[in-house]
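Work through the exercises below with the structure in view. Try each task before reading its solution.

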Amino acid sequence: MKKSELFTSAFKEYDIRGIVPNIINEDFSYRLGLTIAIILHSKNIKSIILGRDGRISSKVLLLALQKGLLDNNINVINIGQVPTPIVYFATHHHISNSGIAVTGSHNPPNYNGFKIIIDNKPLYGKEIRNLKNGVLNNNTRIFKERGLLQTLDFTKKYINKIHSTVKLSKSMSVVIDTGNGVVGPTAVKLLKKIGCNLKTLFPRIDGSFPNHYPNPSDPNNLKTIISYLKKSDCEIGLAFDGDGDRLFVITKSGEIIWPDRLMILFVRNLLKNNPKSKIIYDIKSTKNLKNIILESGGIPIIWKSGHSLIKAKIKQTNAILAGETSGHFFFNDSSWYGFDDGLYAGCKLLEILSKFDNPSEILESLPNSITTPEIIINTPSTSEAKKIVKKFKNNFTHEKHTQITQIDGLRVDYNNGFGLIRSSNTTPSIMMRFEAYNQCDLEK
Ligand SMILES: [Zn+2]
């Protein structure tokens, strides 16, 4: 494949990612820096925050990105090796309101990528496509002056902020699995600080991920924490993805409380103090969630899957909370900033649960349904996947549905469940999910 084709393949709908070094490499990263600098100048922004995860490739990629930005006269504030939420947090505490996390998130070690915030807004869709053109064409600096480099630490400020916001009613015994991701050391400090009696699994940063990939949405990666919970005296388990923007929760008996079900607890809690507020959930979420939001006096908003798309929707609607089935939770009430933060969500959860004698019982009593996992069918190309989904949309006829939603593929709700078909934004494939209240209905 030609270099331009390789570079092009890194630009997804809501972030930039690919295999290192074939697609994402120093050349790519430098060009990205040059291009983002030009975008920042056009918005009259003079500086940007940079942070990176614990992957082996992240340091050189960050340095190349930094060089591109400096070469085109943007000042860089390098905040070092930090979870992605700390990059987002720093953008709220610095005049630039802009930041880039160099991170491959939960993906295997040979992946890397970039999550970009400019002027408090995530980059997605058309803006990512514009960026692509810049990266393909820019490889030399256009500014004579060079930007200044500064290093700053935001981790302490971040931990202190959560510590002053979240109050546990009593100490809790918690086990965390951070899968050797960059989130490990921060999670340990933070959870101890808010008052947890903490046990840790794989807290050391190791970009080769020797124990399991830092992707807690795959139950195979939760086996260790599940068996630890069963044999230890820990009350609850928290699993974070590699860069810490996602959270998964496991009860004492080893039951995984999937994120859309966990949202029910957050929804009930937040709507108590913020009645009639808007709550966003993604298209893959359980039917129960909408019902609970309505029951609790909130306004439900269903939206497309994808962390950048959800962040943009929060800005547009001023919803107080959003959640995705992938484990991204976005708190936007008076206590937090509206970005996806697995660490903050984990602390908030412990605050709620610390009021009860048996946290696992509270979680396991949340309304439940039967769902299929995400069923993925690979297609030769993304356009092929889109074509198939379009065909479904055009030919769909079924009388017994209660609602049809077409913002992201086709979701058909029935009284007793839903079916969803959509094309993936990250890989050439079709994704399907089905939910019902009993196995027989699910089969139908
Ligand atoms: Zn992540």
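**Exercise 1.** Are Asp 241 and Asp 243 buried or exposed?

*Solution.* Both Asp 241 and Asp 243 are buried. Buried means under 20% relative accessible area, exposed over 50%, partly exposed in between (1.4 Å probe, protein chains only).

The model is predicted: local features need pLDDT of at least 70, side-chain atom pairs count only at pLDDT 80 or more, and totals for chains, interfaces and linings use all residues. Residues are numbered from 1 along each chain as its sequence is written, and side-chain values use heavy atoms, leaving out hydrogens and water.

**Exercise 2.** Which residues coordinate the zinc ion?

*Solution.* Step one: list the donors, which are N, O and S atoms within 2.8 Å of the metal (3.2 Å for Na, K and Ca); water is not among the atoms, so sites may look incomplete. They come from Ser 105 (OG), Asp 241 (OD), Asp 243 (OD) and Asp 245 (OD), at 2.0 to 2.3 Å. Step two: read their spacing along the chain, S-x135-D-x1-D-x1-D.

**Exercise 3.** Why is strand β2 (residues 47-52) largely enclosed by the rest of the structure?

*Solution.* Step one: strands (E, at least two residues) and helices (H or I, at least four) are DSSP runs, numbered from the N terminus. Step two: six of the six residues of β2 are buried, so the strand is largely enclosed. Step three: Ser 47, Ile 49 and Gly 51 point one way, while Ile 48, Leu 50 and Arg 52 point the other way. In a regular strand the side chains alternate between the two faces of the sheet.
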